[in-house]
Amino acid sequence: MSEIRAPILSVDHVGVRFGGLVAIADLHFDVHPGEIVSLIGPNGAGKTTAFNVMTGFLKPSQGQVRFRGTGLQGLQPHEIVRLGLSRTFQRTSVFPDDTVFDNVMIGLHRRGRTRLVDTLLGRDRAGEAALRDRARELLDWVGLSGRSQDKAGSLAYGEQRLVGVALALATEPAMLLLDEPVSGMNASETQVFVRLIRSIRERGVTVLLVEHDMPMVMEVSDRIVVLNYGRLIAEGPPAAIRSDPTVIEAYLGQGSAAREAAQAARETNDA
Ligand SMILES: Nc1ncnc2c1ncn2[C@@H]1O[C@H](COP(=O)(O)OP(=O)(O)OP(=O)(O)O)[C@@H](O)[C@H]1O
Ligand SMILES: [Mg+2]
């Protein structure tokens, strides 16, 4: 069904070099509106680099990315966010001494039309009230309502990542890129996050996920794109990817964590 619609994101023969290192070689894939697609691959495969190209943090050495039909070359990260493409980062950064609620408020102010100074001086009470409502709504959405008055630094690492997701959702994206969102989460937190991803998609947001947690990737993805040493080695639905010998070998060639992930993926398959 999605095949007949125009892609929301097209990665068009993108290559990235860092000096002599080819971080990405000729990466080419599309994401269709409403899909949940995962980009997987061993450490150093080029996944974060691909996100950096899509979001304007890095200029590709070749190729281009198109989002909703617009070429993104030359655009600044904030301009790409304005087009409706938002992301979270692999490393979370919150203001640890501010409350969770204030962290979201700061994020909303940063991108909003409301000037922080007006709010602080009480000049824009209506705007302030709307922002507070929005912050509460976002915290509720990501499941952090109960923690909103706690200092962000007191949250578990996995919960801090949810603050990043709330801030990315605050930009009202048409598409969200998540870079290892469940790293640092335990199994039950990960299950909650899977439901969050589904709720994000139900609200019409397309999702591109980078994640090492293979059981989670297999469960949530409509389609998976596999990178190894900067090259696309496989693309398809979870059932095809988990039994693809090239993919299994790429993971088995890596360290034990990746090996375990591949094993867990097979176990999920067998279950
Ligand atoms: N700014 C940079 N300068 C030089 N090399 C870089 C830079 N960013 C990434 N690289 C290299 O590019 C390759 C791809 O890195 P990238 O961070 O995209 O991998 P990844 O797939 O996200 O890995 P991980 O799963 O560990 O997060 C690696 O060899 C990395 O060392
Ligand atoms: Mg990475």
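Four strands line up as an open antiparallel sheet in the order β2-β1-β4-β5; helices (H or I, at least four residues) and strands (E, at least two) are DSSP runs numbered from the N terminus, and two strands pair if DSSP finds at least two bridges between them. β2 and β5 (70-71) sit at the edges with a single partner strand each, so one side of each has no neighbour in the sheet. Inside this sheet, β1 (residues 9-18) and β4 (residues 62-67) pair in the antiparallel sense over five bridges, with S10 opposite R66 in β4.

A word on the source: this is a predicted model, in which local features need pLDDT of at least 70 and side-chain atom pairs count only at pLDDT 80 or more, while totals for chains, interfaces and linings use all residues. Residues are numbered from 1 along each chain as its sequence is written, and chains are lettered from A and ligands numbered from 1 in the order in which they are written.

A further open sheet has six strands, in the order β6-β7-β8-β3-β9-β10, and its pairing is mixed. Its edge strands, β6 (85-87) and β10 (231-236), each pair on one side only. From one strand to the next, the twist averages 20° (axes are lines fitted to C-alpha atoms, for helices over the stretch in contact, and angles run from 0 to 180 degrees between N-to-C directions). Within the sheet, β3 (residues 36-40) and β9 (residues 223-228) run parallel and are joined by four bridges; V37 stands opposite R223 in β9. Helix α7 (residues 187-202) lies across β3, β7 (175-179) and β8 (206-210), and runs at about 150° to β8.

Turning to helix packing, the axes of α5 (residues 125-141) and α6 (residues 157-170) come within 9 Å and cross at roughly 125°. That makes α5 oblique to α6, given that angles under 35 degrees count as roughly parallel, over 145 as roughly antiparallel, 65 to 115 as roughly perpendicular and the rest as oblique. L138, L139 and W141 in α5 meet A166, L169 and A170 in α6 (contact puts C-beta atoms, placed from the backbone, within 7 Å). The residues of this contact are six nonpolar, no polar and no charged; Ala, Val, Leu, Ile, Met, Phe, Trp, Tyr, Cys and Pro count as nonpolar, Asp, Glu, Lys and Arg as charged, and the others, Gly among them, as polar.

Finally, the ligand. The residues surrounding ligand 1 are F18, L21, A23, G41, N43, G44, A45, G46, K47, T48, T49 and Q90, a residue being near if its C-beta atom, placed from the backbone, lies within 6 Å. β2 (21-31) and α1 (47-54) each supply at least two residues of this shell, and α1 gives the largest share, three residues. By type, the shell divides into four nonpolar, seven polar and one charged.

Terms used. Contact = placed C-beta atoms within 7 Å.
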